[in-house]
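Subject: Handover of a structure, with notes on what was found

Dear colleague,

I am passing the structure below on to you, together with some notes on what turned up in it. Please read the notes with the model open beside them.

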Amino acid sequence: MKVAIVGAAHPHVNYALDEVTARPAVELVAACEADEQMRAAYLSGLADVPVYASAAELFDRHQVDVALVAGVYSQRAGAALVALEAGAHVLADKPLCTSLADLDRIAEAADRADRHVSVVFEKRFYPPTTAARELLDSGLLGDLALVASTGPHKLNQPSRPAWFLSREGYGGIAGDLPVHDIDLVLSLTGAKRGEVSAVTGNARRSDHPEFDDHVAVLLQADGVVATIEANWLSPQAAQIHGHYRMRLTGSEGTAELDWAYNTLTVATHDRAPWQQELGPAHRPAAYFFDALADGAEPSIGTSASLLATRVALLAQRSAAHGGRPEPFGAWDG
């Protein structure tokens, strides 16, 4: 299985590199990144692997089965389209793209190419998440009614490149940070339709005038109501990058997922709170390569990836219009 890294603007290029290391049948054949600083930061450790300035040049010279797309956010759609047109599956870091028009083009290209597009929503595979899913499936929590999540991140502004703090390069916070939890709500509920609204703000405008640093999302998904808060305001002196948490409230109990400290606290009407035993962690992209090796659909497939991305981008559009509700339906490609 031949893999290429198409854009390298984030440490998540390691999604592909970890699978290459772990799987003798997977080979990294090439990479591309136009920016010299990002090449040095994320691709300098590649030995005997050619690195090109553009995706077009890479695919002109190599046959590729899987393209990991992890470049500048606003350039990811273009990279994904080139990869799909060359017949490669696309494994993408989030966000997959920064506009609804780009998302439509990716959906059409994936359909034409008959290739998978999968966003690495790695929160699905964290031990507290897999354990919470098992509790929901068992009926222990009853019917899911409410989801509340929080996702603070450190901005680490001195290390951020100029594109990251611009609307043109970054897109918007609602299309970026909340998408993991949007995907989880859709995945845990099985919802295909609903309504989303969002409000964004910039608490440190003097530091980054084009870059909103916090967002609140209200998501209604087939009767389940989710509130999703995310920000780039996590204190720089904090011990961890962000204290990511989610609370699931069901008719018979609650489950509190603390991803930062890898715990799951559960309580029901007839049992006092306890710490649920957790299973092992999984490599973020293992699901995708396992599925391809078996000739199966990845557990985060094209429809789920497109739908979660679409809801996040609709949240961004809602924020641009004062929190106007945006309905969504099952992705019809």
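Some terms come before the findings: on a 1 Å grid over the protein atoms alone, a cavity is a set of points where a 1.4 Å probe fits but cannot get out, whereas a pocket is an open set with protein on both sides within 12 Å along at least five of seven lines, and lining residues are those with an atom within 4 Å of a point. Grid points are joined across faces, edges and corners, and a volume is the space filled by probe spheres set on the points.

Please keep in mind that this is a predicted model, in which local features need pLDDT of at least 70 and side-chain atom pairs count only at pLDDT 80 or more, while totals for chains, interfaces and linings use all residues. Residues are numbered from 1 along each chain as its sequence is written, and side-chain values use heavy atoms, with hydrogens and water left out.

Cavity and pockets

A search of the whole structure finds one cavity of 30 Å³ or more, and the volume of the largest cavity is about 40 Å³. Its lining is made by Pro-95, Cys-97, Thr-98, Tyr-170, Gly-171, Gly-172, Gly-175, Asp-176, Leu-313 and Gln-316. By class this lining has four nonpolar, five polar and one charged residues, where Ala, Val, Leu, Ile, Met, Phe, Trp, Tyr, Cys and Pro count as nonpolar, Asp, Glu, Lys and Arg as charged, and the others, Gly among them, as polar. Pro-95 is also joined to Lys-94 by a cis peptide bond, with omega at about -5°, and Pro-95 sits in the loop between E5 and helix H5 (100-113); here and below, helices (H or I, at least four residues) and strands (E, at least two) are DSSP runs, numbered from the N terminus.

The largest pocket holds about 730 Å³ of space. It is lined by 29 residues, and those nearest its centre are His-10, His-12, Arg-160, Trp-232 and His-241. Two or more residues of this lining come from each of helix H2 (36-42) and helix H8 (179-189), with H2 giving the most, four residues. The lining of the largest pocket divides into 14 nonpolar, nine polar and six charged residues.

The second largest pocket has a volume of about 190 Å³, and of the 15 residues that line it, Gly-7, Cys-32, Ala-55, Gln-75 and Ala-79 are the closest to its centre.

Sheets

An open sheet of six strands runs in the order E3-E2-E1-E4-E5-E6 with parallel pairing, two strands being paired if DSSP finds at least two bridges between them. Strand E3 (51-52) and strand E6 (117-119) stand at the edges with a single partner strand each, so one side of each is left without a neighbour in the sheet. Within this sheet, strand E1 (residues 2-6) and strand E2 (residues 27-32) run parallel and are joined by five bridges, and Lys-2 has Glu-27 in E2 as its bridge partner.

Nine strands form an open sheet with mixed pairing, in the order E14-E13-E12-E11-E7-E10-E9-E8-E15. Its edge strands are E14 and strand E15 (326-328), each of which pairs on one side only. Strand E9 (residues 214-221) runs antiparallel to E10, with eight bridges joining them, and Val-215 is partnered by Ala-230 in E10. Strand E13 (residues 263-268) and strand E14 (residues 271-275), also antiparallel, are joined by three bridges, and a hairpin connects E13 to E14 through two residues.

With best wishes
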